[in-house]
Amino acid sequence: MPDADAQAENIRRAMRALAPLTDDHEVVITHGNGPQVGVLAIESANDARLTQPYPFDALGAMTQGLIGYWILQAIGNERPYRQFAAVLNQTLVDADDPAFADPTKFVGEVYDEETAHALAEKNGWQVRRDGEHWRRVVPSPRPREIIETRLIDHLLDESIIVVCAGGGGVPVVRTGTGDLRGVEAVIDKDLSAAVLAHRLKADRLVVLTDVPAVMEDYGTDHAREVRRATPAQLRAMDLPAGSMGPKVEAVCRFVEVGGRGVAAAIGNLEEAQELLDGRAGTFVTAEG
């Protein structure tokens, strides 16, 4: 449900699970923004006062503020003696990334085929089938750099828990004069988290979701949890491109560039501490 009350309650539940990690670790919290940016996109498209809808970089910035506020309030209520900051950040992408010519990132609500095509015709959207439904798709270029990394690192040095890279960060490109300019895209949140974790020299990247682990033979009678793996072993698996695939790609990249001594995990939100310690979920290291 995209309703504000439902989203805020989901965040309160998530922060109750994450708050204990802040007692013993420097923590950076990243998050998605799919439902929220979809709502804002529809509102913008239907606003008769606008000559054209707000672009997705602007909508992404709006959701960083919205969700950042909810997270700050929720985790601040769990740990009122700690300091927290939400950073509205930009994420650099390549202007010639092939993703701009082949939009694949699903955003917003699901529709039946007839409604999806009608909305696409009305609003200039591109739509694709998503399982049994249809959804809007936008470009999803690969993240190259988190522009505000030094600021985030400084806040961590001051023992401040940071919320950032919401929805992957606001997508920007660098112009020929060196200026930054927003682009119409949505960046994968997990890939941005991996880039940021590497730049901050983090020793753990934990991807929290609603399943206990990466599953081998998912959806069959032979499905089983993958508990420990190397990036190569995970890459050899056939995983859904729209759900678990990007999460696995993110943890693989983080471990591959970090080498020995770093680890990543994928698993259930309610087992955040166990995931961090390698006692639950899928734990990924260079050695497996």
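The lining of the second largest pocket divides into 12 nonpolar, 5 polar and 2 charged residues (Ala, Val, Leu, Ile, Met, Phe, Trp, Tyr, Cys and Pro count as nonpolar, Asp, Glu, Lys and Arg as charged, and the others, Gly among them, as polar). This is a predicted model, where local features need pLDDT of at least 70 and side-chain atom pairs count only at pLDDT 80 or more, while totals for chains, interfaces and linings use all residues. Residues are numbered from 1 along each chain as its sequence is written, and side-chain values use heavy atoms, with hydrogens and water left out.

The second largest pocket holds about 300 Å³ of space. On a 1 Å grid over the protein atoms alone, a pocket is an open set of points with protein on both sides within 12 Å along at least five of seven lines, a cavity is a set where a 1.4 Å probe fits but cannot get out, and lining residues have an atom within 4 Å of a point. Grid points are joined across faces, edges and corners, and a volume is the space filled by probe spheres set on the points. Of the 19 residues lining this pocket, Asn-123, Gly-124, Trp-125, Arg-136 and Glu-184 lie nearest its centre. H2, H3 and strand E6 (133-138) each give two or more residues to that lining; helices (H or I, at least four residues) and strands (E, at least two) are DSSP runs, numbered from the N terminus.

Now for the cavities: there are 2 of 30 Å³ or more. The largest has about 60 Å³ of space, and its lining includes Asn-33, Phe-56 and Pro-171. By class, the second largest cavity is lined by 5 nonpolar, 2 polar and 2 charged residues.

Then there is a helix pair. The axes of H1 (residues 4-18) and H3 (residues 56-78) come within 9 Å and cross at roughly 45 degrees, where axes are lines fitted to C-alpha atoms, for helices over the stretch in contact, and angles run from 0 to 180 degrees between N-to-C directions. That makes H1 oblique to H3 (under 35 degrees is roughly parallel, over 145 roughly antiparallel, 65 to 115 roughly perpendicular and the rest oblique).
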